[in-house]
Amino acid sequence: MAGTQKQMAALKPEQILEIVMRQRWTLILPVCFFLTIGFLYTITADKVYQAATTVLIQPQKVPEGIVQSIVSTDHQRRIATISKLILSRTNLEKIIKEFNLYQEEEEKEMYLEDKITDLRGRILVEQNSRDRSGTEAFSISFYYRNSPELVMKVVNKLATIFMDENLKVRESQAIGTSEFLESELKKIKEKLEAREKELADYRTAYMGGLPDELETNLRTLDRLQLQYSDALNTLRENQNAIAILNGQISRLRELSQNSNVTIQPDGSIVGTPDESSDQHQYDLWKKQLDDLLLKYTEKHPEVIKTRKKITSLKEKLEKAKTEKEKVGSEGENSNSASPENEILFQHEFNLKQLEKETQNIKTNLSQIEKKMEIHQQRVEDTPQREQELQSIRRDYNNIRESYNSLLARRLEAELAVNMEKKQKGEQFRIVDYAKSPEKPISPDVKKNFMLSLILGLGLGGGIIFLLELLNPAIRTEEQIKEGVGLPILASIPPLEKPWDRTKKRIELVAMFLFFSYISFLLLLFIFLNMKGIDKALDFLRLYINVL
C-alpha cells in the first residue's frame, strides 16, 4: 500500500491522462449526474428577486449663509436612526399586512415574530461613499421569492417611508431645539430681570454715593468746605460785634449817669478818648488787624475788610471830635437834650439781631458739617461701592450676554423650523425608483453550474483515486522494474477479442452522447444566465409547443 501511494504521488502527466482515459466513465457519469441535478434545481427552485432604489441626500435649498440649519446630526447617524424606525416591529407588521407577505402554505403557520425577523433580514440599507462632487446617497434593497412586482412595490414603499421619516425627524429636531431654547430663554430672562432689579435697588439704596458720582461728591465737598469757612468767619465777626455791642451797652449804662460825657445820636460817646466806645472799638479792630496781618497778606479779604472798617471808624472819630468842639460852646442844655435812651434801645435791638443771626449761622454750620460728613462718608465708601457694583454688573453682563446669545439662537431656530416645515431644508430624493427585476438573484445560474461541475469532477476524481489506490495491478514497465527488480526482455500486447471492435464503437457512441448531453446542459446554463430563468423557460415552453 505504501508503494502504491508513492507511485501515485510520482505520476507523470501522461500517466495521469492514461488513468483518466481508462477510468473515463467513472468521471463522466458523476459530471452528468450533478449537472443534471444542478439544472433541475435551478429551474425548479423558488426564485428570489431583489429590487433596489437609490436615494440622494439633497442639501438644503436656502443658502446656509442666510439660514443656518440646526439639525446637526450627520447623515450616517440619521440614516441609521431612520433605519431602526423603519425596521421596527410596528412598521414591519404594517408592511406585512399591506402587501400580504408570507401567504404561502408553509409560511402561514409562522409566528408573527418569526415573520418580522425574516422580513427585517431581507431589507438592506447601504450608505454609499461620497463621490467627487460631494454628493451623498444611500440605497435600499429588498429580496423576496416568486413575485418581482411585489419586491418592487415594497422597495418603493420603504423609500417613501424613508423620505417621510426624514422630514419628520428633521422637523422634530428643529422644533425640539426651538422649544428648548425658548424654555432656557425664559429662565435666563427671569434671572436677567432679577439682576436688573437688584442693580436698580442698589442704585436707589446708595443714591449719591455711586462711583460715577465721585467727582460730584468731591466738588460738593469743596463747596461745602468753602461755605463752612465763610460761615465760620461771619460767626467770628458777629461774635466780635456782639462783644463790642455788649461793651458799648454796658458803657452806655454806666456813663448815662455821668454828666461829663455826651452821647451822640449815632451812639458815639463824646468825652475823653479813653472813655469813648468808638475809640475802644477802633483799638479792638486795630488789634484784630495786627492779628490778621500775622496770618495773612495785605490782599487777603479779611485784612482788606478790617482795614476798611478801621478807616471808616477813624473818620467817624475825627467827625465826632469836630462835633464835640461845636457842642462844647452850646453849654449844658444840649447835653441834657441828647437821646440816650433811644441809642441804648437801638444798641440792644442790634444786639438781639446779631445774636439771632449768630444762632442761625451756628445752625447753618451744623447743617454744613452734617452734609460734609455725609459727602465725606460717600467719598470714603466709593471703593467699596465700586467693588460691590462691579460684582453685580459682572453677573448682570454675563447673564445679559447669555440672554442675547440665546435670543439670537432662538430666532435662528424659528427660521430653521419654518424652513423645515416648508421642506426647504435637507431632503432625501429618490434618484431611481425601483423597477420590477427581470432576473432572480437566487438560484444563481453561474454558481449552480460551477458547483455541479466541481461536485461531479470531485466525486469522479475521488473514485478514480480510490480505485487506483486499492488496485495493486502492475500496468507499466517501470512498476515491474521497481517491484520485481528483473529486466524486461519482451512485452506482449493484449490479444484482441472478436467483440472488442463492437464494444469500442458502442463506447464511442455512448461517449458522444454523454458529451453532447454535457454540452447541451452547458448551453442551457448559458442560456439561463443570459436570458434569465423565467424568460428562458418561457422560450423553451414555446419552442416545445411549436415542435
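1. The accessible surface of the chain in this predicted model comes to about 35,900 Å², and 55% of that area belongs to carbon and sulfur atoms. Accessible areas come from the Shrake-Rupley method with a 1.4 Å probe, and for residues only the protein chains shown count as cover.

2. Now for the inside: 33% of the 547 residues count as buried (under 20% relative accessible area; exposed is over 50%, and partly exposed is in between, with a 1.4 Å probe and protein chains only).

3. The chain has 17 helices and six strands. Both are DSSP runs numbered from the N terminus: helices are H or I with at least four residues, strands are E with at least two.

4. Among contacts (heavy atoms within 4.5 Å) with a separation of 6 or more, 79% join residues 24 or more positions apart.

5. Have a look at E113, which sits in helix α7 (residues 112–122). With a relative accessible area of 42%, E113 is partly exposed. E93 is 20 residues away from E113 in sequence, and their C-alpha atoms are 9.3 Å apart in space.

6. D46 is another one to find: it lies in the loop between α3 (24–44) and β1 (48–58). Because its relative accessible area is 45%, D46 counts as partly exposed.

7. A friendly note on the numbers: residues are numbered from 1 along each chain as its sequence is written, and side-chain values use heavy atoms, leaving out hydrogens and water. Local features need pLDDT of at least 70, side-chain atom pairs count only at pLDDT 80 or more, and totals for chains, interfaces and linings use all residues.
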